[in-house]
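Biologist: I'd like to learn how to read a model like this one. Could we go through it feature by feature?

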Amino acid sequence: MRVIYLDNNATTMVAPEALEAMLPFLRDLYGNPSSAHSFGARAGKRLDEAREQAAHSLHCAPDEIIFTSCGTESDNTAIFPALRRQPDKRHIITTVVEHPAVLNVCAHLEKSGYEITRLNVDGQGRLDLQELADVFRPDTALVSLMHSNNETGVMFPLRKASEIVKERGVLLHSDAVQSLGKVRLDMREFPVDYLALSGHKFHAPKGVGVLFVRREAPFLPWMLGGGQERGRRAGTENMAGIVALGKAMELATADLERANARVRALRDRLEQGVLQSVPDVRRNGDVGGRLPNTSSLAFKGIQGEGLVRMLDQFGICVGSGSACASGCPEPSHVLKAMGVPSSHVHGTIRFSLSRYTTKEEIDLVLRTLPELVSTLRSMPPSRGFEGTEDGGKRVCRT
Ligand code: PLP
């Protein structure tokens, strides 16, 4: 059966051009870029080129790019060293809606004596910049603000936030894992010190990420080993992944306006179609300040997981609000923070499109979904969960 893949905030298909670029490094060009011989040097040359592609996409210098294994590693690699370089400062500012890659790091740091201020969001998932400005302390070491939310697509005003942070001389980290290829990311405009990205969110393969570290920002390697990545991230480079990532970054940022306009139009077509054909649906998040590819819709009185499973039977892949590898029975922390009513919070599903999504796919979803929702609504309340392989647990947070 053909798959209609609308779960691109969870992961994306590898772009054919990125796949082509990486294959020689899995087949023939297996040299180690650190080797002294010319076979290794050929890999080293491509490593440099990939770094230049990444730097060009972010409008920064190549030596400000560190290749990592994923978004989670990039977040961790920014936060821990930034703190270790300022041992006397024990206060961190972040938000309640961060991804677990930041939330859980902060929770861990709290247990080891750091004080964490977690800023709330309003009903539309927005950050109040005045609240941010008010919570600084003389011992604030770091601010960590996501650029865009994986569940709702709501974007924080990073440029304005970074002005507030920089005026106070504090380091700023941003988790921009969901942003690359969906909105413009220009490191000349955002005075962030650290910015985390993950290849598999923008059509590179899994297992490769990027951490931007501004030249002036303090940094310490936290994995000890060889001197790769100019001594900043030990471990032999994932050459195939890095080469694909360079290509994918180039593709994701070229022609961004046109690609975005197309994706936004498809997302809006989907949303309007659902809102017109299904009663009691609400949109989660700031409609005017979202990523163009994301739609978080709350269907009153059903279990989102049930709808995800039913859509799956028609080959349609969507996210259940947001899901979690370990299975979380709790409703989403993001929707809870936004105060989404309990009648709706469990019935949230997330559609996330990509530049490969077509109008035909959206129309097929629109023809399929209304009947599934009314079937679920006509079932006794517990039935939305029954028959699911995991007994109705939320399945992944992505
Ligand atoms: N940050 C955000 C906002 C994410 O959406 C994700 C993944 O879903 C991550 C971090 C973690 O990225 P990775 O899966 O590459 O570790």
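Modeller: On a 1 Å grid over the protein atoms alone, a cavity is a set of points where a 1.4 Å probe fits but cannot get out, and lining residues have an atom within 4 Å of a point. Grid points are joined across faces, edges and corners, and a volume is the space filled by probe spheres set on the points. The model is predicted, so local features need pLDDT of at least 70 and side-chain atom pairs pLDDT 80 or more, while totals for chains, interfaces and linings use all residues. Residues are numbered from 1 along each chain as its sequence is written, and side-chain values use heavy atoms, with hydrogens and water left out.

Biologist: What is the volume of the largest cavity?

Modeller: Rolling a probe the size of a water molecule over the atoms shows where empty space is left. Here the largest cavity comes to about 50 Å³, and the count is one cavity of 30 Å³ or more.

Biologist: Which residues line the largest cavity?

Modeller: Val97, Gly125, Met146, Asn149, Thr152, Val154, Phe156, Val334 and Met338. For classes, Ala, Val, Leu, Ile, Met, Phe, Trp, Tyr, Cys and Pro are nonpolar, Asp, Glu, Lys and Arg are charged, and the others, Gly among them, are polar. That gives the lining six nonpolar, three polar and no charged residues.

Biologist: Which residues touch the most other members of the largest nonpolar core?

Modeller: In soluble globular proteins, nonpolar side chains tend to be buried together. A nonpolar core is a set of buried Ala, Val, Leu, Ile, Met, Phe, Trp, Tyr and Cys residues joined through side-chain atoms within 4.5 Å. Buried means under 20% relative accessible area, exposed over 50%, and partly exposed in between, using a 1.4 Å probe and protein chains only. The largest core has 61 residues, and Leu58, Leu132 and Leu197 touch the most other members. Helix H8 (residues 239–253) gives the most to this core, nine residues; helices (H or I, at least four residues) and strands (E, at least two) are DSSP runs numbered from the N terminus. Apart from that core lies another of 27 residues, including Leu6 and Met310.

Biologist: Is Glu271 buried or exposed?

Modeller: Glu271 sits in helix H9 (residues 256–277) and is buried, because its relative accessible area is 1%. A polar contact is a pair of N or O atoms within 3.5 Å; within protein, one must be able to donate a hydrogen and the other to accept it, and residues adjacent in sequence count only if both atoms are side-chain atoms. The Glu271 side chain makes one with the side chain of Arg283, at 2.9 Å.

Biologist: What does the side chain of Asp193 reach?

Modeller: Asp193 is in the loop between strand E6 (171–175) and strand E7 (194–198), and counts as buried because its relative accessible area is 8%. Its side chain reaches the backbone nitrogen of Leu172 at 2.8 Å, and a 2.6 Å polar contact joins the side chains of Asp193 and Lys166.

Biologist: Where do Gly153 and Pro87 lie?

Modeller: Gly153 is in the loop between strand E5 (140–146) and helix H6 (158–167), while Pro87 is in the loop between helix H3 (71–84) and strand E3 (91–95). Gly153 counts as buried because its relative accessibility is 0%; Pro87 counts as exposed because its value is 53%. C-alpha to C-alpha, Gly153 and Ser295 are 7.3 Å apart in space and 142 residues apart in sequence, whereas Pro87 and Gly71 are 25 Å apart in space and 16 residues apart in sequence.

Note on methods. On a 1 Å grid over the protein atoms alone, a cavity is a set of points where a 1.4 Å probe fits but cannot get out, and a pocket is an open set with protein on both sides within 12 Å along at least five of seven lines; lining residues have an atom within 4 Å of a point.
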